[in-house]
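Subject: Structure handover

Hello,

Below is the structure I said I would pass on. My notes on it follow.

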Amino acid sequence: MPSLVCVPIMVEDAASALADAEHARALGADLVEFRIDQAFSGEGDAEGARLAERLAGESPLPCIVTCRPAYEGGYYDGDDAARVSLFERLGALDRPPRYLDAEHVAYTRSANIKQKINLAVEHPGQVRDLHTSLILSHHDFGGRPANLMQTVAAMASEPAAAVLKVAYRARSLRDNLELLELQRERPGGKPMIALGMGEFGLMSRVLAPKFGGFLTFASLRDSSATAPGQPTVAELLARYRFRSISHRTRVFGVVGWPVGHSLSPLVHNAAFEAMGFDGVYLPLPIPPEWEHFKATMLALLDEPHLTFRGCSVTIPHKEHLLRLAREDRSRAWVVDELADRIGAANTLSVGDDGICRVLNTDAAGVVGPLEAALGDLRSVNIAVLGAGGAARAAAFGLAERGANVLLYNRTRDRAEALRDELAQRLSPGAGKIVVGASEAGGGFGRVCESCCGAIVNCTPIGMAGGPSAGASPIDAESLKKVDSSAVVMDTVYRPLETPLLAAARAAGLRSIDGLAMFVAQAVRQSEIFTGGMVEGGRQNAYSGPSGAGSDALTRLFGRICQEAVDSTSDR
Ligand code: NAP
């Protein structure tokens, strides 16, 4: 049975709750959950009871009615007997709710409560003709319950429970793996809802169809601030293509910290869809420390039913990926020569044979756009600002194409160390890497005295939300000293026109924005992830041989990124 999409609606009044339910239906949801815990106050609340009856009777979609008590994370603070009496009334309606949700802890607290709930729902021992089923649930907002497995087994053993639900705060990506396994196992042969709350829990929600989960919850509107990890219906259905996920679907993602604002899920899922490739791509947040990275990556690779086939790797894990490839002995790793020589990787591709290939597509992300603008890079002097991960890939990639790279960095020692490290690994015909003289205080104005054909900013200066937002590493006056044929490239893409690119425009120079790098490296990654593979062996415009598929992907990614950056430019 396909996994369902359910929209939770916190009920304030009947009209707006029913309007939301209609909206959910129009967006493609299968079910709504009316959370009446703020609308029904308990004993004697006839109005609240009538409201619940009206919602059940008029809902445009099959519904779950839930009155979550405060002791299980909800708002209801009346007594259990009153809400269970309401359940009895709802279960006996001509148009009853499809499901009533009751917490396992309440259900098992007293024989009387259990008996009353059993009277309201259909189950093997039910003598009446009822059409409401029981979802027996357990929630933990702190983290994985210590007695999770015993609780689930106890819930599964209740004959009246038609569906089991566990939801707890996921504290790491690894928590999803156990939740997904519960969905797959269906304890007691019963349909299972097993979801991680919080930003780490997204995987358990999106991958429910892959593991046979009964349903996933998705919000009507962006609730990332109040319910992080809960996708919107639109994200679930359009971005993650929930309806087409099956047990065969390959899983990919972007590993980093933070990854919430990454454009990668947007472009890679769109590429899979355009190519007809059976894959889904998720944000995969892993805290910065090496131990977290190692433990999480190995867990993802080891999970037999996940079909984890690779990831993009971003700050701060690019060097961690290479380290893992070199240290882990539990599987076969192949480090691509370019990644090895650059000393950092941003792509992991896992073959069906389990072999893990580690690659770097960042260098191509800088080289490709600059070659498109300048042609042959041999003997062109290119100034690279910065000496971190982006500068490392840029300097190496450009020197390999024959350019002479001038490295400028705030901390000169770091630039010198990078130069020495990369120089040993360059091919015999490569250009040189030298360290340029920075100004006192770390300014980059003197770059313009170095007769360079291009300047590439690989520092976060100018990045919205970064340490030097609104600033430019070089001002327009200094840029006027540069040869008019020079190109200024920024790797920062929020905002799209950085202060550096605005200064370049004011100085009459050509410019390349940070999306060019992002798109170029992502296109190469997409080709690696899919191997040009299309389900059923069909080729299409995005998977075509030679450069045709790449060009189509470049245009697609460019359009998607542009729209995404434009829509968030004022945030
Ligand atoms: P990183 O490893 O942390 O390196 C940052 C570099 O910038 C270091 O050399 C640092 O100098 C320098 N820096 C930082 N703040 C500075 C400041 N206020 N003034 C002068 N120099 C400063 O970071 P990264 O991975 O290389 O990323 C750098 C930038 O590249 C990011 O902001 C990101 O936007 C961009 N990027 C873009 C893409 C893309 O696809 N478009 C991909 C990767 C990165 P010190 O050595 O003195 O600390």
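Helices (H or I, at least four residues) and strands (E, at least two) are DSSP runs, numbered from the N terminus. The model is predicted: local features need pLDDT of at least 70, side-chain atom pairs count only at pLDDT 80 or more, and totals for chains, interfaces and linings use all residues. Residues are numbered from 1 along each chain as its sequence is written, and side-chain values use heavy atoms, with hydrogens and water left out.

Cis peptide bonds

Pro 316 sits in the loop that runs between strand E11 (308-313) and helix H13 (318-327). Another cis bond goes from Arg 494 to Pro 495, and its omega is near 5 degrees. Pro 495 also lies in a loop, between strand E19 (487-490) and helix H19 (499-506).

The chain as a whole

The protein chain contains 21 helices and 20 strands. Its C-alpha trace spans about 90 × 50 × 45 Å along the principal axes. Of its 571 residues, 57% count as buried; buried means under 20% relative accessible area, exposed over 50%, and partly exposed in between (1.4 Å probe, protein chains only). The chain exposes about 23100 Å², with carbon and sulfur atoms supplying 50% of that area. Accessible areas come from the Shrake-Rupley method with a 1.4 Å probe, and for residues only the protein chains shown count as cover.

Among contacts with a separation of 6 or more, 73% are between residues 24 or more positions apart; a contact means heavy atoms within 4.5 Å. There are 58 positive and 67 negative side chains, and the centres of the two sets lie 3 Å apart. Lys and Arg count as positive and Asp and Glu as negative, while His and the chain ends are not counted. The place of a charge is taken as NZ of Lys, CZ of Arg, CG of Asp or CD of Glu.

The parallel sheet

Strands of a sheet pair through backbone hydrogen bonds, either parallel or antiparallel. Here, two strands pair if DSSP finds at least two bridges between them. Strand E3 (residues 63-66) and strand E4 (residues 99-103) run parallel and are joined by 3 bridges. Val 65 stands opposite Leu 100 in E4.

Axes are lines fitted to C-alpha atoms, for helices over the stretch in contact, and angles run from 0 to 180 degrees between N-to-C directions.

The mixed sheet

An open sheet of 6 strands has the order E10-E9-E11-E13-E14-E12, with mixed pairing. Its edges are strand E10 (279-285) and strand E12 (333-335), each of which pairs on one side only. The twist from one strand to the next averages 20 degrees. E11 and strand E13 (residues 347-350) run antiparallel, joined by 3 bridges. Gly 310 has Ser 349 as its bridge partner in E13.

Helix H20 (residues 514-530) packs on the sheet and touches E9, E10, E11, E13 and E14, its direction making about 15 degrees with that of E13. Helix H12 (residues 290-302) lies across E9, E10, E11, E12, E13 and strand E14 (356-359), running at about 150 degrees to E11.

Arg 186 is not a glycine but has a positive phi, near 50 degrees. It is found in the loop between helix H7 (173-185) and strand E7 (192-197). Arg 186 is partly exposed, at 34% relative accessible area.

Arg 241, also not a glycine, has a positive phi of about 50 degrees. Its loop lies between helix H10 (233-239) and strand E9 (250-256). Arg 241 is buried, with a relative accessible area of 13%.

Asn 269 belongs to helix H11 (residues 264-275) and is buried, at 2% relative accessible area. Leaving aside residues up to four places away in sequence, Asn 269 touches Arg 239, Tyr 240, Arg 241, Ser 264, Val 280 and Tyr 281.

Regards
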